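Let's take a walk through this one, a stop at a time. Have the sequence and the 3D view open side by side.

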Amino acid sequence: MATEKSLIAHLYRRAGFGTTPEMLEKLSKKDYDSIVDDLVDIEKFEELPDEDVLSRYYPQLSSCDNFGLDNVKWFYRMLNSKKPFQEKMTLFWHHVFATGWTKSEQGPSIIDHIAMLRKNCLSNLRVLLSELSADPAMIFWLDNCENHGENINENFGRELLELFSMGIGNYTEDDIKEASRAFTGWTFEQPMPLYPYGHFKSHFIYDENDHDEGKKKFLGQEGNFNGGDIIEIIVKTEACANFISRHIYNFFVADEPQIPAWSIEPPQDQEAMKILVHTFLDSDADIKEVMRVLFKSDFFKNSRFKRVKCPAEFIASTLKLTTELGPKDIRLGKLHGLSAVMGQTLLDPPTVEGWHTGKEWIDGGSLTERINYAVDLISDMNNTGSKDLVERIVASKSELSSEELVKKILENIGELEVSDQTHEQLLEIASEGPSVGNGKDSKEIRQKIIRLYTLLVSSPEFQLA
Amino acid sequence: MVTKSKKQNKKKDPVLVVVQLSGGNDFLNTVIPFTKGIYYDVRSYVGHKEEEVLPFTNDLAFHPNAESFRELYKQGKMAIIQGIGYENSIRSHFRAMDIWHTCEPNTVATEGWLAKVIRELDPNSVNPLTAISFGKGLPRALAAPGVIATSVDNLDNYGLMTSIEDDVQRMANLDVFSRMYTPKDEWMGDRHESGVVMNYLANTGSGVLTGADMLKDVPRKYKSSVEYADNSIAKALRDVVRVHTANLGTRIFYTQHGGYDHHAQEMPAHDRLMGELSQGITDFLTDLEEHNASDEIVMLVFTEFGRRMRDNGSGTDHGSGGGAFIIGNRVKGGLYSEYPSIEPSEWLNGEDLKHTFDYRGVYGTLLEQHMGLDPTEIVLGNYEQLNPFK
C-alpha cells in the first residue's frame, strides 16, 4: 500500500519535475487533494521572474540562428517555476503538436509557439486548437502558408485530424481536403527576408482574398466553413475526446503503444479512459478539469513507475534532486546538447509525429547517456542536493541496519520502488564496510553512502517515473 | 599481413548496411525521366532543367548534384530498383515507416525485420554488436522483444560510468550493474506492461556493458586517408567503416539521413541532401577499399514513400512509388524492375506513381542472395526477388 508521501512524490514526478527530500517533507503536511488543486490552479502562483536574464550569461547561445538558448531557458523554467505543472503541460502539448526549428525560415517563431502552448496549456481544447492553427511556426511547419484558395496544400489539414485531434480512421480523405479548404488564407505576414538579414519572427494574418469561400462538407456537416468551424465540429466528436484522453493517459499515467497502433490496439485501461472521455465531453473539452479528475483518480495513484521518463523529465528531475541551478550556472548551457544526445531535442522534434515514447526512449546509446549523467551529478559533493542526500543519512541518530539504510536511500530518491533483484544488490553493498548512523562520520562512511546513491541512479528502476 | 587479410577475405561474413532517407525522398527528382515532356509539365516549379541533369541512360538522369551516383552507376556498382512500394501505399510518415520496418502493411507489428535477422544470426544474443545503428535512437526495424541491437550516437565516448576515475571502484560498480540488469523471467508475468519494460531495460543495460567494452578501442585503431564531409550521413558512414574494419562481428549497420519531407522549398533543400548522400556513399566505398573491406558489404538505400507527381508550387506532397538503391562491389549494376509509368492516365489515384515492385521482394533478395538467410519468416511471405548480384 502506497504511503501518502509516496503518492505525493508520484504526483510531482508526473505533474512536475520531481522533488527533493526537503520539498517532500513540506508537502506531506498537506492533504493530497489540495496539493493537486495547488498544482492545477496555476494562476494562484506567481510567474517566474523573466528568464531573459539568461541571455546575458550565455552570449554564445544568443543568436537568432540558434534555438539552444531557448531550450536552456525552458529547462531553467522546469527547475525553478512556481508552477511546475504549467511547464509539464506545455511539454505534453509539445509532444502532441510536435513542431520543430529544423524547418525554420521563420525559426524564431518556434519560441512564440512554445509561449503560446504555455499560455494555453490548460485552456479549453477549442481555444488551444484555434491558437495552434493561427501560429506562424505551425503554419510554416505544415505549409499552410502554401494552402491557397485555388490550390490546396493538405499537409496541415491532414495532421490536424490525424495527429492533433482525432486519430486515423475517424475521417475520410475527402474530410482532409475539405478541412484544408477551410483553412485556406490562414497564413503569416512575410517577415524580413532570410537573406541577408537572418531569421525573424512572423505574425499571423488571415488573408480573406486567398480563402476558399465555397461550401464545404466536413464529417457529415455542410456549410460555408472557415477554420474555426472545423475546430468546433472536431472538439464535439467522441473521436476527439478519445484521442486527446489517450494522449493524456499515455503522457501522465502509463505508457501506451506508439500512436500508429492506436487505431488497432485498444487502450490498456478501459475504465480509466471512460472517466477521462466522460470528463472531456461533460466539460465541453475543458482540459484543466480533465487533469484535475485524472490526478485525483485511483487509476493515477496506482500507476507509480509505469512510465519511462522522457529525456527532458530525466534531466530536469535528476537536476532537481541533486543541485540548485541558478541563472548563472554554466551547466545550464549544456542541457540543450545533452537532451539531444538522449534523443529529445526540445523545440525540434524529429517529425510532426513527435517522439516515440515509452521504452523507445531507451536504447544502448540513450541509456548510457542517462546513467552517466545521473552518476556524475549524484556523486559530486559540490552539488548542494547531492550533498544534502548524504548528510541526511550521516545525520541519522540511531545506527542503521542494512535494510534501514537502503530504505532511507530509496525514500530520499523520491520514494523509489525497486525490484527484489536491485534491492538485493543494494543490501549487499549496504552490509559491506563501516556501519552507518549513530552520529558516526568518516570518509569511508560517506563513500559508501555515495556509492549506494550512485548505484541506485544507475538502476533500471530509476529510468521509470 | 597481406596473406592474412587475404585469408580472412575468403571467410568474411556478408554485411548489410542500410541507409534510411527519412521524410519521403522525391524519386522523380532523384532518378529523372528527363526525356519525357510530362516531367517538365508536372514539375514546373520543383523540377530540374534538361541541361542540368546528369544522364546515365538514354532516358534517365540523376539529380544535378549526384555526380557521385553517376560515377557509381558507370562503375557497375549500383542497382536502381525503380518503383518500389506496396499496395495501398500509406501517406502518413509514421505509419509508412512502420510498414517498411516491420514488413506488415495491414496490422501493427512489434517486430522489426532486421531484428528478426539479428535473431537468426545470433539466436543466443552472444554479440550485442551484431547490429549497430548510428545516430539518435534505435529504429523500429532493429527492435523486437528479446533482441539486442546497439545504438551509438558518439563512438568516441561510449561506455558506462566513465566519470568514475578509480578503476577498481568503477569495475566493482559495473559488476553490481550487471547483476541489477539481469533479465528475469518472472518480470514477464507482470500483469502490466512494466514487466516487459523491466526486461527490456535489463537486456539493453547488459548489451551496453558488453558492447562498450568491445567498442572502446575502435576509434584509436582506425586510420584512413579519406576525408569525409561534415554532415550527419558522412559521419555515420565513417563510423560504419571504423567499426566494420575493427572486425567485431557486426553484420548489420543502420544509418539515417533526415530531412526529405519537402512540402515546400524543395529545390534548395533536396539539392543539398542529394549532394551529401551521393558524396558520402562514395567516400564510404573508397574508405572500405582502402581497408580491403568492401567485398563483403552491400548497401540498401530506401525511403518510406515517393512524392506526388505534380508539385504544389513550392514542394511536393506525400505520394507513393519511390525508388531504392542497392550498392556494392558484388552488385551487378543496372536498372531493375520498371520505372513507374508517368503517363497521367496511369497515375495511382490520379496523382501518384504506381509501384512496380514489392519492397518485401527487395528485402528477400538481400536476405537470401546476400546474407544467405531464408527470408520467408522475416518478410512474412514469399515475394518475387531480383537478381542484382554477380
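Before the first stop, a word on labels: strands here are DSSP runs of E at least two residues long, numbered from the N terminus. Keep in mind, too, that this is a predicted model.

With that, go to chain B and find the loop that runs between strand S9 (297–303) and strand S10 (322–327); B:Asp311 sits in it. Is B:Asp311 buried or exposed? It has 22 C-beta neighbours inside 10 Å, and 20 or more are enough for the label, so B:Asp311 counts as buried. Who is around it? Setting aside residues within four places in sequence, B:Asp311 is in contact with B:Val42, B:Arg43, B:Tyr45, B:Val46 and B:Thr316. B:Ser44 belongs in the picture as well: 267 residues separate it from B:Asp311 along the chain, yet their C-alpha atoms are 7.5 Å apart.

Now hop over to chain A. Its domain assignment gives domain 1 (83–301) and domain 2 (384–463), and the C-alpha centres of these two domains of chain A lie 46 Å apart.

Next, look at helix H22 (residues 402–412) and helix H23 (residues 420–431) of chain A, which pack at an angle of about 120 degrees with their axes 9 Å apart. That angle is why H22(A) is called oblique to H23(A). The crossing of the pair is right-handed. On the H22(A) side, the contact is made by A:Ser402, A:Glu403, A:Leu405 and A:Val406, while H23(A) brings A:His423, A:Leu426, A:Leu427, A:Ala430 and A:Ser431.

Definitions and conventions. Residues numbered from 1 in each chain as written. Chains lettered and ligands numbered in written order. Predicted model: local features only at pLDDT ≥ 70, side-chain atom pairs only at ≥ 80, totals over all residues. Axes fitted to C-alpha atoms, helices over the stretch in contact; angles between N-to-C directions. Helix = DSSP H or I, 4+ residues; strand = E, 2+ residues; numbered from the N terminus. Parallel < 35°, antiparallel > 145°, perpendicular 65-115°, else oblique. Left-handed = near helix turned anticlockwise from the far one by under 90°. Contact = placed C-beta atoms within 7 Å. Domains from an automatic or database assignment. Buried ≥ 20, exposed ≤ 12 C-beta atoms within 10 Å, placed from the backbone.
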